[in-house]
Amino acid sequence: MMPPEKKEVRPSSRGGRARTPAFLKNERGVKNWKEASAWLEWRGIEDIECITPDQAGVARGKMMPSKKFTSNTSLALPSAVFMTTISGGYPEDGNGFHYPEDDGDLKLLPDLSTLTAVPWEEDPTAAVICDLVHQDGRSVEFTPRNVLKRVLAAYDERGLKPVVAPEIEFYLVRKNPDPDYPLTPPVGRSGRPIGGGAGAGYSIAGVNEFDELIDDIYHFSERQGLEIDTLIHEEGAGQLEINLRHGNPIELADQVFMFKRTIREAALKHEIYATFMAKPIQGQPGSAMHIHQSVIDKKTGKNIFSAEDGSETDAFFHFIGGMQKHVPNALVMFAPYVNSYRRLTQQASAPVNNKWGYDNRTTAFRVPRSDPAARRVENRIPSSDANPYLALAASLACGLIGMTRKIKAEPPVLTTANADEIDLPRSLLEAVDLFEADKELGIILGTSFAATYAAIKRAEFETFMEVISPWEREYLLLNV
């Protein structure tokens, strides 16, 4: 909704015409409650979605009238919301996890800098991302946004500031109301089902098949202050990728969180689904969420991965060394579901190793070609189904441990690295076991989070085991 014309400018005290404050015209510019009230009034906002990501990255929260939102109303969610599996169940007590007997409320604290329009709603609606605190004001350790903030605080204590840039792949598929049927590619503007394969990668014609949908994605994104760097067609049938500009990890995690909602809503407007499943269609490539990372010295403002002469620093190699040692233990945060492990296969662009190399896409950790100031490490392991807050937290935590402990990186790989060796866990339960055993990683992420997250993943695996798959009916029914 465009703001009323009469509110574009206001009379000044000198009889002239005052400029509209920047925070009113721009998304994500609100700094305090006074500005928030003016922002909402200027846009004629009627309802507010107060949302926060749960462990799966699903938006949870409450909706209320905007007048109630600005009247110092106390907002709360049950703590059980952050202990829920993707199927709606709860884990059993054990291994350090204990379900709270009182299921007490956690307070929602709106981060007003995230206040933004919700462009797909018919009535003027806004959304704001919230943090969680206990009733006494203590930060809730096991909520995803706070986990990432905890890792960033560890960097800040050392005078460092991480910079990240996520790349998110996803599929467009035909509507599929019955989960017993496989997903299939959608029909584009040509009237034909979309094909995949090597010829689809970076295809402009493939992007043009969905021109109107992509226009809506851009429009919705602009209305929310979300900045898309580039959009491409990937190799999968109906598989697209959006790259975001580099920046602060919290802000980028917020953007991925909002982008997922935005892309799903834009797709539904065109009667198709957008899915961030890691491996939605058999025989097609999986979807990743690659994370580019660098670290800045807060005093100098320079990239600590590069020395004055442009060469790599010890910090650069130690960051990679930490990732090589600890990322396999953190895999459950990058590949959080049973389906995620279908993407991590040999002889594919999704790595099953923990090697690194210069511009080598067969390694887990790729160092793209760049000038020294832009030197960075790309983590190619995360899948697009990962919670962006947790994936960023885990990746940065592994690198920080490496720099703190001065872990040496292995030599770079100069050839194909994804054909023979498998260095990563091959299943969800194996990944959970390694995650629980890495106490150093658990400390930096938060022990209560580590226990809660592991318990949720074990419970999700048990739910999956209750389902009989088509493979079992095809090969076991009449043969064993």
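Modeller: Contact here means heavy atoms within 4.5 Å. By that test, Pro 249, Ala 253, Asp 254, Val 256 and Phe 257 in α7 meet Pro 388, Tyr 389, Leu 392 and Leu 396 in α11. This is a predicted model, in which local features need pLDDT of at least 70 and side-chain atom pairs count only at 80 or more, while totals for chains, interfaces and linings use all residues. Residues are numbered from 1 along each chain as its sequence is written, and side-chain values use heavy atoms, leaving out hydrogens and water.

Biologist: How do the axes of α7 and α11 cross?

Modeller: They come within 8 Å and cross at roughly 145 degrees. Axes are lines fitted to C-alpha atoms, for helices over the stretch in contact, with angles from 0 to 180 degrees between N-to-C directions.

Biologist: Which residue classes make up the contact of α7 with α11?

Modeller: It has 8 nonpolar, no polar and 1 charged residues. Ala, Val, Leu, Ile, Met, Phe, Trp, Tyr, Cys and Pro count as nonpolar, Asp, Glu, Lys and Arg as charged, and the others, Gly among them, as polar.

Biologist: Why are α6 and α7 called oblique?

Modeller: Helix α6 (residues 211-224) meets α7 at about 140 degrees, with the axes 9 Å apart. The two are therefore oblique to each other. On the α6 side the contact includes Leu 213, Ile 217 and Phe 220, and on the α7 side Phe 259 and Ile 263. There are 8 nonpolar, 3 polar and 3 charged residues in it.

Biologist: How do you know that strands β10 and β11 pair?

Modeller: Pairing takes at least two bridges found by DSSP. Strands β10 (residues 228-233) and β11 (residues 239-244) have 5, in the antiparallel sense. In one of them, Ile 228 is partnered by Leu 244 of β11. Gly 238, in the hairpin of these strands, takes a positive phi near 75 degrees.

Biologist: What confidence does the chain carry?

Modeller: The mean pLDDT (the predictor's confidence in each residue, from 0 to 100) is 90, and 93% of residues reach 70 or more. Over residues 1-17 it is below 50. Where pLDDT is low, the predicted coordinates should not be read in detail.

Key
Helix = DSSP H or I, 4+ residues; strand = E, 2+ residues; numbered from the N terminus. Parallel < 35°, antiparallel > 145°, perpendicular 65-115°, else oblique.
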